[in-house]
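Open the model in your viewer and keep the sequence panel beside it. Each stop below tells you what to select and what is there.

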Amino acid sequence: MLKAVEKKRAYEDIVKQIFSLIEKGKLKRGDQLPVERELSETFKVSRATVREAIFSLESMRLVQRRQGDGTYVIASSEDALVQPLATALFHEKDDIIDIFFVRKIIEPEVAQLASENRTLEEIDELEEILKEQEKEVESGKNPIDTDSEFHRLLARMARNRILERLLITLVDLLGKTREKYLQTEERKQKSLHGHYEILTAVKNGNGKAARQVMRRHLEDVENAVFNKRKGGGKKNPS
């Protein structure tokens, strides 16, 4: 499946070949790549070039190096199409308010699509997530994991792999910010209430309402994070 590459910018050719195998499904999530020595012999390049290619693939979130165990594919064929785009578009150093702005464009659409494509099993799963989140709030815990899980499931319910991967990337980037936002009891309750409103709209198959309550929920979070007030405070980028 692999072949020798030209010496000039050889690591890029290695990246392209492995990317292509993942994209076509010939390398699947969980598959282990050959060891560095074998790759060096196959591609007819130095081990340093192989390492450079692996670093590049890892930065694209397509593979993962595991100390003492080797390098594994962590992306599916669908991921191979979206992860490089997400990685190119979004970075941890990006201005948080810009990420919020993009999220307010994407996630209301996701909520509407989820309401149109929902299944009974998924609605049950959403309800279970919120029950768990409610328990965490009542016990004083920070419900960061259940909060993320709720938004990830909605993204899956949209039945659009591109939107799902982009949204998951955004949610991951905002993880620390959302953890900070959910620290106070008032904010935890407000977030939970917003999630229940979204659940109701999605459960009823009301796409318009799902879109509206999701945007309101995101604006509430944004206002809390940036201490914004209606009619004042920071202005969203346009």
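**Stop 1**

Select phenylalanine 100 and phenylalanine 226: both are buried, where buried means under 20% relative accessible area, exposed means over 50% and partly exposed lies in between (1.4 Å probe, protein chains only). Before going on, note that this is a predicted model, in which local features need pLDDT of at least 70 and side-chain atom pairs count only at pLDDT 80 or more, while totals for chains, interfaces and linings use all residues. Residues are numbered from 1 along each chain as its sequence is written, and side-chain values use heavy atoms, with hydrogens and water left out.

What kind of aromatic pair do phenylalanine 100 and phenylalanine 226 form? The pair is edge-to-face, at 5.7 Å centre to centre and with 75° between the planes. Rings of Phe, Tyr and Trp (its six-membered ring) pair if their centres lie within 6.5 Å; planes under 30 degrees apart count as stacked, over 60 as edge-to-face and the rest as tilted. The structure holds one aromatic pair. Phenylalanine 100 lies in helix α5 and phenylalanine 226 in helix α11, so the pair ties together parts that are 126 residues apart in sequence.

**Stop 1: the whole chain**

Now switch to a cartoon view. The protein has 11 helices and two strands; helices (H or I, at least four residues) and strands (E, at least two) are DSSP runs, numbered from the N terminus. Along the sequence the pattern is α-α-α-β-β-α-α-α-α-α-α-α-α.

Of the 238 residues, 45% count as buried. Among contacts (heavy atoms within 4.5 Å) between residues at least 6 apart in sequence, 71% join residues at least 24 apart.

**Stop 2: the cores**

Select Val110, Leu126, Phe150, Leu154, Met157, Ile198 and Val202. Of the 39 residues in the largest nonpolar core, these touch the most other members. A nonpolar core is a set of buried Ala, Val, Leu, Ile, Met, Phe, Trp, Tyr and Cys residues joined through side-chain atoms within 4.5 Å. Helices α5 (96–117), α6 (120–138), α7 (144–157), α8 (161–173), α10 (185–203) and α11 (207–226) each supply at least two residues of this core.

**Stop 3: along helix α11**

Select methionine 214, which is found in helix α11. Its relative accessibility is 0%, so methionine 214 counts as buried. Apart from neighbours within four places in sequence, methionine 214 is in contact with Glu107, Pro108, Ala111, His151, Leu154 and Ile198. The C-alpha atoms of methionine 214 and glutamate 109 are separated by 8.9 Å, although the two are 105 residues apart along the chain.

Glutamate 219 is also found in helix α11. With a relative accessible area of 28%, glutamate 219 is partly exposed.

**Stop 4: a threonine in helix α7**

Threonine 146 lies in helix α7. Is threonine 146 buried or exposed? At 4% relative accessibility, threonine 146 counts as buried. Leaving aside neighbours within four places in sequence, threonine 146 is in contact with Ile129, Glu132, Gln133 and Glu136.

**Stop 5: two loops and a charge**

Select lysine 44, in the loop between α2 (36–43) and α3 (47–59). Lysine 44 has a positive phi of about 60° although it is not a glycine. At 53% relative accessibility, lysine 44 counts as exposed.

Then move to arginine 159, in the loop between α7 and α8. Arginine 159 too is not a glycine but has a positive phi of about 60°. Its relative accessibility is 44%, and arginine 159 counts as partly exposed.

Finish with arginine 66 and tyrosine 72. The charged end of arginine 66 sits over the ring of tyrosine 72, 4.2 Å from the ring centre. A charge sits over a ring if NZ of Lys or CZ of Arg is within 6 Å of the ring centre and within 35 degrees of the ring normal.
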